[in-house]
Amino acid sequence: MSKEISRKVNTYCIIGMILVLCVFLKIIFGSKITSVQDYQEIVKSFGIAGPIVLTVFQALQVVIPILPGYLGCAAGAISFGTPVGFLCNYIGISAGSIIAYLLARKYGVDFVISLFSEKQYLKWKHKVEGKKSYDAFLFVATLLPMFPDDFLCYFSGLIGMDKKRFIWIIILGKPWCILAYSIAFGLIK
(Lines give C-alpha, C1' and ligand atoms only; values in the text may rest on other atoms or scores of the structure.)
Protein backbone atom coordinates (compact mmCIF):
# COMPACT_ATOMS: atom_id res chain seq x y z
CA MET A 1 0.00 0.00 0.00
CA SER A 2 1.44 3.36 -0.92
CA LYS A 3 1.83 6.11 1.65
CA GLU A 4 -0.79 8.11 -0.27
CA ILE A 5 -3.43 5.38 0.07
CA SER A 6 -2.45 4.87 3.70
CA ARG A 7 -2.94 8.58 4.41
CA LYS A 8 -6.34 8.52 2.71
CA VAL A 9 -7.48 5.51 4.74
CA ASN A 10 -6.27 7.18 7.94
CA THR A 11 -7.99 10.42 7.01
CA TYR A 12 -11.35 8.76 6.29
CA CYS A 13 -11.22 6.75 9.51
CA ILE A 14 -10.28 9.80 11.55
CA ILE A 15 -13.10 11.83 9.99
CA GLY A 16 -15.55 9.00 10.73
CA MET A 17 -14.42 8.80 14.36
CA ILE A 18 -14.67 12.55 14.76
CA LEU A 19 -18.20 12.62 13.27
CA VAL A 20 -19.43 9.86 15.57
CA LEU A 21 -17.80 11.56 18.54
CA CYS A 22 -19.29 14.95 17.59
CA VAL A 23 -22.81 13.54 17.31
CA PHE A 24 -22.40 11.75 20.63
CA LEU A 25 -21.00 14.87 22.35
CA LYS A 26 -23.72 17.10 20.87
CA ILE A 27 -26.41 14.85 22.29
CA ILE A 28 -24.69 14.58 25.66
CA PHE A 29 -23.77 18.23 26.05
CA GLY A 30 -27.10 19.32 24.66
CA SER A 31 -28.62 17.67 27.72
CA LYS A 32 -28.42 18.80 31.29
CA ILE A 33 -25.81 16.67 33.00
CA THR A 34 -25.23 17.29 36.67
CA SER A 35 -24.11 13.82 37.75
CA VAL A 36 -22.75 10.54 36.50
CA GLN A 37 -26.30 9.16 36.74
CA ASP A 38 -27.56 11.87 34.34
CA TYR A 39 -24.82 10.91 31.89
CA GLN A 40 -25.66 7.21 32.23
CA GLU A 41 -29.36 7.87 31.56
CA ILE A 42 -28.49 9.72 28.36
CA VAL A 43 -26.23 6.88 27.22
CA LYS A 44 -28.93 4.32 28.05
CA SER A 45 -31.33 6.23 25.82
CA PHE A 46 -29.23 5.12 22.83
CA GLY A 47 -30.25 1.51 23.49
CA ILE A 48 -28.15 -1.16 21.77
CA ALA A 49 -26.45 1.50 19.62
CA GLY A 50 -24.45 2.76 22.62
CA PRO A 51 -22.51 -0.46 23.26
CA ILE A 52 -22.07 -1.05 19.52
CA VAL A 53 -20.61 2.44 19.03
CA LEU A 54 -18.22 1.90 21.97
CA THR A 55 -17.10 -1.48 20.59
CA VAL A 56 -16.46 -0.07 17.12
CA PHE A 57 -14.74 2.99 18.59
CA GLN A 58 -12.41 0.78 20.63
CA ALA A 59 -11.50 -1.27 17.56
CA LEU A 60 -10.82 1.89 15.56
CA GLN A 61 -8.70 3.48 18.30
CA VAL A 62 -6.30 0.53 18.00
CA VAL A 63 -6.24 0.60 14.18
CA ILE A 64 -5.80 4.38 14.13
CA PRO A 65 -3.72 5.05 17.24
CA ILE A 66 -4.80 8.54 18.21
CA LEU A 67 -6.31 8.07 21.66
CA PRO A 68 -5.12 5.79 24.44
CA GLY A 69 -7.39 2.76 24.93
CA TYR A 70 -7.95 3.43 28.63
CA LEU A 71 -10.13 6.43 27.73
CA GLY A 72 -12.57 4.11 25.95
CA CYS A 73 -12.34 1.70 28.89
CA ALA A 74 -13.31 4.56 31.20
CA ALA A 75 -16.18 5.59 28.94
CA GLY A 76 -17.43 2.01 28.72
CA ALA A 77 -17.37 1.32 32.44
CA ILE A 78 -18.93 4.67 33.35
CA SER A 79 -21.54 4.44 30.58
CA PHE A 80 -22.61 0.82 30.86
CA GLY A 81 -21.20 -0.48 34.13
CA THR A 82 -18.30 -2.85 34.65
CA PRO A 83 -19.63 -6.04 32.97
CA VAL A 84 -21.03 -4.51 29.76
CA GLY A 85 -18.27 -1.90 29.55
CA PHE A 86 -15.65 -4.62 29.90
CA LEU A 87 -17.28 -6.79 27.24
CA CYS A 88 -17.52 -3.93 24.71
CA ASN A 89 -13.95 -2.82 25.40
CA TYR A 90 -12.53 -6.34 25.26
CA ILE A 91 -14.25 -7.24 22.00
CA GLY A 92 -13.39 -3.89 20.39
CA ILE A 93 -9.76 -3.75 21.48
CA SER A 94 -9.16 -7.42 20.60
CA ALA A 95 -10.75 -7.01 17.17
CA GLY A 96 -8.75 -3.83 16.54
CA SER A 97 -5.54 -5.57 17.62
CA ILE A 98 -6.11 -8.42 15.19
CA ILE A 99 -7.00 -5.99 12.39
CA ALA A 100 -3.80 -4.01 13.07
CA TYR A 101 -1.74 -7.20 12.91
CA LEU A 102 -3.36 -8.23 9.62
CA LEU A 103 -2.94 -4.76 8.09
CA ALA A 104 0.77 -4.79 8.95
CA ARG A 105 1.19 -8.26 7.40
CA LYS A 106 -0.58 -7.19 4.23
CA TYR A 107 0.77 -3.68 3.71
CA GLY A 108 4.19 -3.80 5.36
CA VAL A 109 6.66 -1.43 6.91
CA ASP A 110 5.74 1.70 4.93
CA PHE A 111 2.14 1.46 6.12
CA VAL A 112 3.18 1.04 9.76
CA ILE A 113 5.67 3.91 9.52
CA SER A 114 2.85 6.10 8.18
CA LEU A 115 1.06 5.52 11.51
CA PHE A 116 4.07 5.51 13.83
CA SER A 117 7.53 6.99 13.57
CA GLU A 118 10.32 5.22 11.75
CA LYS A 119 12.41 5.79 14.86
CA GLN A 120 9.92 3.77 16.96
CA TYR A 121 9.87 0.98 14.38
CA LEU A 122 13.68 0.80 14.21
CA LYS A 123 13.96 0.85 18.02
CA TRP A 124 11.69 -2.17 18.39
CA LYS A 125 13.20 -3.96 15.41
CA HIS A 126 16.63 -3.63 16.99
CA LYS A 127 15.31 -4.87 20.36
CA VAL A 128 13.82 -8.09 18.99
CA GLU A 129 16.28 -9.02 16.24
CA GLY A 130 17.56 -12.50 16.89
CA LYS A 131 15.57 -12.94 20.11
CA LYS A 132 13.25 -15.89 20.59
CA SER A 133 11.39 -14.46 23.57
CA TYR A 134 9.18 -11.99 21.66
CA ASP A 135 6.03 -14.09 22.13
CA ALA A 136 6.44 -14.09 25.91
CA PHE A 137 7.29 -10.40 25.85
CA LEU A 138 4.14 -9.59 23.83
CA PHE A 139 1.97 -11.58 26.24
CA VAL A 140 3.39 -9.72 29.26
CA ALA A 141 3.04 -6.39 27.42
CA THR A 142 -0.67 -7.03 26.83
CA LEU A 143 -1.09 -7.56 30.57
CA LEU A 144 0.46 -4.24 31.53
CA PRO A 145 -1.20 -0.84 31.41
CA MET A 146 0.28 2.05 29.44
CA PHE A 147 2.39 -0.19 27.16
CA PRO A 148 2.55 0.59 23.41
CA ASP A 149 0.12 -2.27 22.65
CA ASP A 150 -1.21 -0.72 19.45
CA PHE A 151 2.28 -0.44 17.98
CA LEU A 152 3.19 -3.95 19.11
CA CYS A 153 0.15 -5.37 17.31
CA TYR A 154 1.34 -3.80 14.07
CA PHE A 155 4.94 -4.74 14.80
CA SER A 156 3.95 -8.37 15.39
CA GLY A 157 2.49 -8.46 11.90
CA LEU A 158 5.69 -7.05 10.44
CA ILE A 159 8.01 -9.59 12.01
CA GLY A 160 6.00 -12.52 10.69
CA MET A 161 4.72 -13.76 14.02
CA ASP A 162 2.41 -16.75 13.60
CA LYS A 163 -1.20 -15.55 13.21
CA LYS A 164 -2.75 -18.15 15.51
CA ARG A 165 -0.17 -17.50 18.21
CA PHE A 166 -0.77 -13.74 17.98
CA ILE A 167 -4.56 -14.18 18.23
CA TRP A 168 -4.21 -16.43 21.26
CA ILE A 169 -1.91 -13.94 22.97
CA ILE A 170 -4.49 -11.19 22.37
CA ILE A 171 -7.43 -13.32 23.52
CA LEU A 172 -5.65 -14.50 26.68
CA GLY A 173 -3.61 -11.41 27.52
CA LYS A 174 -5.88 -8.47 26.72
CA PRO A 175 -8.76 -9.06 29.15
CA TRP A 176 -6.81 -8.58 32.37
CA CYS A 177 -5.74 -4.97 31.97
CA ILE A 178 -9.10 -4.09 30.39
CA LEU A 179 -10.88 -5.76 33.32
CA ALA A 180 -8.79 -3.80 35.83
CA TYR A 181 -9.64 -0.53 34.04
CA SER A 182 -13.32 -1.52 33.83
CA ILE A 183 -13.52 -2.31 37.54
CA ALA A 184 -11.68 0.87 38.54
CA PHE A 185 -13.73 3.16 36.31
CA GLY A 186 -16.93 1.26 37.12
CA LEU A 187 -16.56 2.41 40.72
CA ILE A 188 -17.17 6.02 39.64
CA LYS A 189 -20.70 6.90 40.66
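In which hand does H4 pass H9? I looked it up in this predicted model, and H4 passes H9 in a right-handed crossing.

**Entry: H4 on H9**

H4 and H9 pack at an angle of about 50°, and their axes are 8 Å apart. I therefore file H4 and H9 as oblique to each other. On the H4 side I listed Tyr70, Cys73, Ala74, Ala77 and Ile78, which meet Ile178, Tyr181, Ser182, Phe185 and Gly186 in H9. Sorting the residues of this contact by class gave me eight nonpolar, two polar and no charged.

**Entry: H4 on H3**

The axes of H3 and H4 cross at roughly 170° and come within 10 Å. That angle makes H3 roughly antiparallel to H4. From H3 I noted Gly50, Pro51, Leu54, Gln58 and Gln61, and these meet Gly69, Gly72, Cys73, Gly76 and Phe80 in H4. My class tally for the contact of H3 with H4 reads four nonpolar, six polar and no charged.

**Entry: H4 on H5**

One more partner for H4. I got an angle of about 150° for the packing of H4 and H5, with the axes 7 Å apart. The crossing of H4 and H5 is right-handed. Gly72, Cys73, Gly76, Ala77 and Phe80 of H4 make the contact with Thr82, Val84, Gly85, Asn89 and Ile93 of H5. Cys73 turns up in my H4 lists against H9, H3 and H5.

**Entry: a stop at Ile98**

While on H5, I checked Ile98, which lies in that helix, residues 82-115. Which residues does Ile98 touch, leaving aside its neighbours within four places in sequence? I found Phe166 and Ile167. I also looked up Ile98 against Tyr154: they are 56 residues apart along the chain, and their C-alpha atoms are separated by 8.8 Å.

**Entry: the second largest pocket**

I read a volume of about 330 Å³ for the second largest pocket. It is lined by 21 residues, and the closest to its centre are Pro68, Gly69, Tyr70, Phe147 and Asp149. The elements that give two or more residues to this lining are H3 (49-63), H4 (69-80), H8 (149-158) and H9 (163-186). Which element gives the most to the lining? I have H9 down for that, with four residues. By class, the lining divides into 15 nonpolar, three polar and three charged.

**Entry: cross-check**

Note on methods:
Residues numbered from 1 in each chain as written. Predicted model: local features only at pLDDT ≥ 70, side-chain atom pairs only at ≥ 80, totals over all residues. Heavy atoms only, no water. 1 Å grid on protein atoms, 1.4 Å probe; cavity = no way out; pocket = protein on both sides within 12 Å on 5 of 7 lines; lining within 4 Å. Points joined across faces, edges and corners; volume = space filled by probe spheres on them. Nonpolar A, V, L, I, M, F, W, Y, C, P; charged D, E, K, R; others polar. Axes fitted to C-alpha atoms, helices over the stretch in contact; angles between N-to-C directions. Parallel < 35°, antiparallel > 145°, perpendicular 65-115°, else oblique. Left-handed = near helix turned anticlockwise from the far one by under 90°. Contact = heavy atoms within 4.5 Å.
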